[in-house]
2 protein chains.
Amino acid sequence: MRKVCVVGVGSTAYGKNKESNREMLTRASLDALEDAGVDPKEVDGAFFGNAFAVTERQGHIGPLVMSALGIPDAPSTTVEAACASAGAAFREAWVNVASGLHDVFLAGGTEKVSTIDTLTATGYFAYGSDYVFEGGNGCSFPGLYAAMATAHMHEHGTTSEDLAEIAVKNHKHAVDNPKAHLQKAVTVEDVLGSMEVASPLHFYDCCPFSDGATAVVLCSEEVAKKLTDTPVYVQGAGRAGSVAALHDRESFTSIPATKRAAAEALKMAGKTVQDIDLFEVHDCFTIAEAIATEDLGLFKPGTGAKQAREGVTYRDGKVPVNPSGGLKAKGHPVGATGTGQIVEAVLQLRGEAGKRQVDGAETVLTHNVGATGGSCAVHIFGRSVA
Amino acid sequence: MRKVCVVGVGSTAYGKNKESNREMLTRASLDALEDAGVDPKEVDGAFFGNAFAVTERQGHIGPLVMSALGIPDAPSTTVEAACASAGAAFREAWVNVASGLHDVFLAGGTEKVSTIDTLTATGYFAYGSDYVFEGGNGCSFPGLYAAMATAHMHEHGTTSEDLAEIAVKNHKHAVDNPKAHLQKAVTVEDVLGSMEVASPLHFYDCCPFSDGATAVVLCSEEVAKKLTDTPVYVQGAGRAGSVAALHDRESFTSIPATKRAAAEALKMAGKTVQDIDLFEVHDCFTIAEAIATEDLGLFKPGTGAKQAREGVTYRDGKVPVNPSGGLKAKGHPVGATGTGQIVEAVLQLRGEAGKRQVDGAETVLTHNVGATGGSCAVHIFGRSVA
C-alpha cells in the first residue's frame, strides 16, 4: 500500500440548511477541490456517506453530485454504516488510492434532517439500531446510550455532573467554531436543568440533529507533492465492527469496535495513542466521549468521564478532545460527520483552525462510530509521513 | 494489484420471501462460505448492497449479518448505488483483496420489498432517479425506460414485438432456474396483450419486484489455491457513472457508464468483448437488455433488440445473454442483483448451472446498472487467470 495524503477539505456550516443533500454535498466537494487546487476532471471517483435517503426521497446521491461537478463519468458510491457512514466512505477512498488503483479520490458525506420533526428524525435514526430488538421497541439511540451511561454510573461511580462537564467543554469549544451548529456556551446547571431525554441523559447531553455536508480530497503522495509543500498524511486507517445489538455485548461500558479499529490504525501508523496530539471522537452523547476515550486507551476504564471536569480534555489541556466542539456542539449531520472530523483534523494540522487551534498539533486521531458501536472507523493523520 | 478469485457463492430463491433482509443475507452468506469451504472466522470483512432500508426500517445491515455469522468484530459496510448496489459492493471487496490489504472478503446484497404494495415500491425505487426532476414528478423507472424505448423505436425502428421477444427469451431461460422469481414461459402475444405499464412498455417488459439475497466469497489467488483446484478468477473490474438525469444525456439510447465500465474491465482482462462466452446483463426492462448489448459492443447500435427474435442471445445461440433469466424473469431484488449475476457467472464457469449450463463457458461478463445508468459495474470472470 502506498502513502496517501489529504490535500483539500470542505464543509458547509452545520445546522439548519435550506439546501438539499445534492446541493450541500456539491458545495462541500467544490470547496474541497478548490482548497486542494485540484480540477474536478482529475478526480477518479468518490465515496459519499449518507444514511437517510428517505428524508428527501433521494438515494443514489453520488451521480447527482458528480454530474453537478462536471464529472459524470467518474464512479461514485454511497456508503452507509449508520453514523459512521462518512468514516467508512473515507476508508474506501483511502483503499482505492493506497492500492495504486486510483490517484485522486473524493470522500465525503451529507445529511438532511431539518425537513422533518425531531420525533420522526429519532425514528429514522433508529433504523441504524437492531430495529427488531431495539428501535422497533422504542429503544432508539438516546435510550441505548442512556443504558450505557447508567451502566457506567453503576460500575464506575460516574455522575450526571461528570457527563455535564463534557457537554460544557464541547459547547465551549464550539463557540470558536464558525461552522458549528451550537455556538453557545452552557453551564453544568444548564445541562442538569434541561429536560431528561432518556434518564440519566439530559437534553444537553445529546447532540443535535444537523443538516450538513463535508468532503475531502485524497491523493497519492506523488500527486500531493505537486500540489503542496505541506500535505497531510493518512498515517493509519482502521475499521472494525461489534455485535450489533447492545444487549448482546459483554459490556455496556466499552465498544469493542473502537479498540480494534484504533489498534489497526495505530499499528499502521507505528504509533501509540500517547503519540497523538489531539482527538476528534464520536460524542453523539456525552457518555459516548467518556467511553471512547477509555476504549482508545487515553484514560483508564471508568475515568473517562472525569477528564473534562479536571480540564484534561480541553483544547489547552493535556489531551485535547473534540476541539471542534464534537458531535455534541459542532453538530451531527449523520452521513457527513466522519469526514467532518477529518476536515477538523486537517485544519488543525495545517495550523488553520483559528481560535480552535491546538498549538503544535503534529498528529490527530479521528474516531467515528455507527450506532452503539456496530461500526467504527479510526484514522490517524499527521504532518509527516509517519 | 494481485489476482482475486471467487471461491463460494450463495443465493436465496428470488421472489416473495417471508424472511427479513438480515435473515436472507445471513443465509446467503452462510451458503457462500459453506460452498467455499471457508470458516466465517477467516472472513476479514464484507460489503453488502442494500437500497431500501426504509421497507423494513432497518439500515446498518452489515453488523447484524456479521453478528449472526459469529464474526461481529469484522467490519461491514453497506453500499448503495441504486440497482447497481451489489455490483458496487463486489467492486469494493475486490479492491480490498486485490490491494493486498485483506485476504478473504464477503460481497453480497439483499432487498425486501414484498412487505409493501407495488405502487409504494415503485415510489421507493424512484429514490434512485434524479428525484427532483424525475421520480418526484411521477417519472419513475418504468416511465424513464419507456422514454428510452420510445427513442430506440424512433431512431432504429425497434418494435414492441422485438422487445417482447427479449422477454420471451428470458422467461424461457428462467424456467430452468429453480431460484428464479418467474419460472414461467410467456409468448409474444402474452407480452403484447399484457397491460401497458408505461407506453410502449407492457407488464411483461418489466422485471418483477423481488425479495432475495445473494453473497459470494472473494479471496487472494494464494488462498484460493488452498481451497480448490478450480477457482474462478476475477479477470477484470470496471466502474463508471453517467449524467444522473436522463434528460441531460446526449442520447436516450445509450448508457455512457456501460461503455466506460466495460472498457475498463476488458482492458484489465486483456480481452475484447468477442472473447466473452456469455453475458449476464442488467435487463430491468426488455429495452435495457437491447441497449446494454449495444453499449457492450456485442451488436451494432440499433440492432440489440433484434437479437432475441433471431435466436442469437438464447442460451444455445451464438451470444448467450442472461441464461439465468435475467432481472426480467429471474427477478430483481435490487440490492442483491449485482452479486446474483456473479453467482450465475460462477455456476456457469464451474459447469454447475444444471439445465441452464452454457457449454464450454470459459469467460463470463456481468453488467449491473444503477437507475438509468448513473452507476454501472462490470466484471469479467474466467476459469483461467486471464
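How many helices and strands does the secondary structure of chain A come to? Here are a few notes on this predicted model.

1. Overall build of chain A. The count is 12 helices and 11 strands. With a radius of gyration of 19 Å, close to the 21 Å from the globule rule for 386 residues, chain A is as compact as a globular protein of that length. Its C-alpha trace spans about 55 × 45 × 35 Å along the principal axes.

2. Burial and contacts. In chain A, 66% of the 386 residues count as buried. Among contacts in chain A with a separation of 6 or more, 78% are between residues 24 or more positions apart.

3. A covered helix. Do have a look at helix H10 (residues 286–295) of chain A, where 10 of 10 residues are buried. Charged side chains are on that list too, including A:Glu289, A:Glu294 and A:Asp295. The buried residues of H10(A) pack against helices H5 (141–156), H6 (160–175), H9 (256–269) and H11 (326–329), and against strand S10 (363–370), of chain A. Just after H10(A), A:Gly297 has a positive phi of about 90 degrees.

4. The interface. Between the two chains, 49 residues of chain B are in contact with 49 residues of chain A. On the chain B side, helices H2 (61–68), H3 (85–98) and H9 (256–269), along with strands S3 (76–80) and S8 (232–241), each supply at least two residues. That side of chain B divides into 24 nonpolar, 17 polar and eight charged residues.

5. Strand S3 (residues 76–80) of chain A pairs with S3(B) in the antiparallel sense, over three bridges. For A:Glu80, the bridge partner in S3(B) is B:Thr78.

Conventions:
Residues are numbered from 1 along each chain as its sequence is written. Chains are lettered from A and ligands numbered from 1 in the order in which they are written. This is a predicted model: local features need pLDDT of at least 70, side-chain atom pairs count only at pLDDT 80 or more; totals for chains, interfaces and linings use all residues. Two residues are in contact if their C-beta atoms, placed from the backbone, lie within 7 Å. Helices (H or I, at least four residues) and strands (E, at least two) are DSSP runs, numbered from the N terminus. Two strands pair if DSSP finds at least two bridges between them. A residue is buried if 20 or more other C-beta atoms lie within 10 Å of its own, exposed if 12 or fewer, and partly exposed in between; C-beta atoms are placed from the backbone. The radius of gyration is taken over C-alpha atoms; the globule rule is 2.2 Å times the number of residues to the power 0.38.
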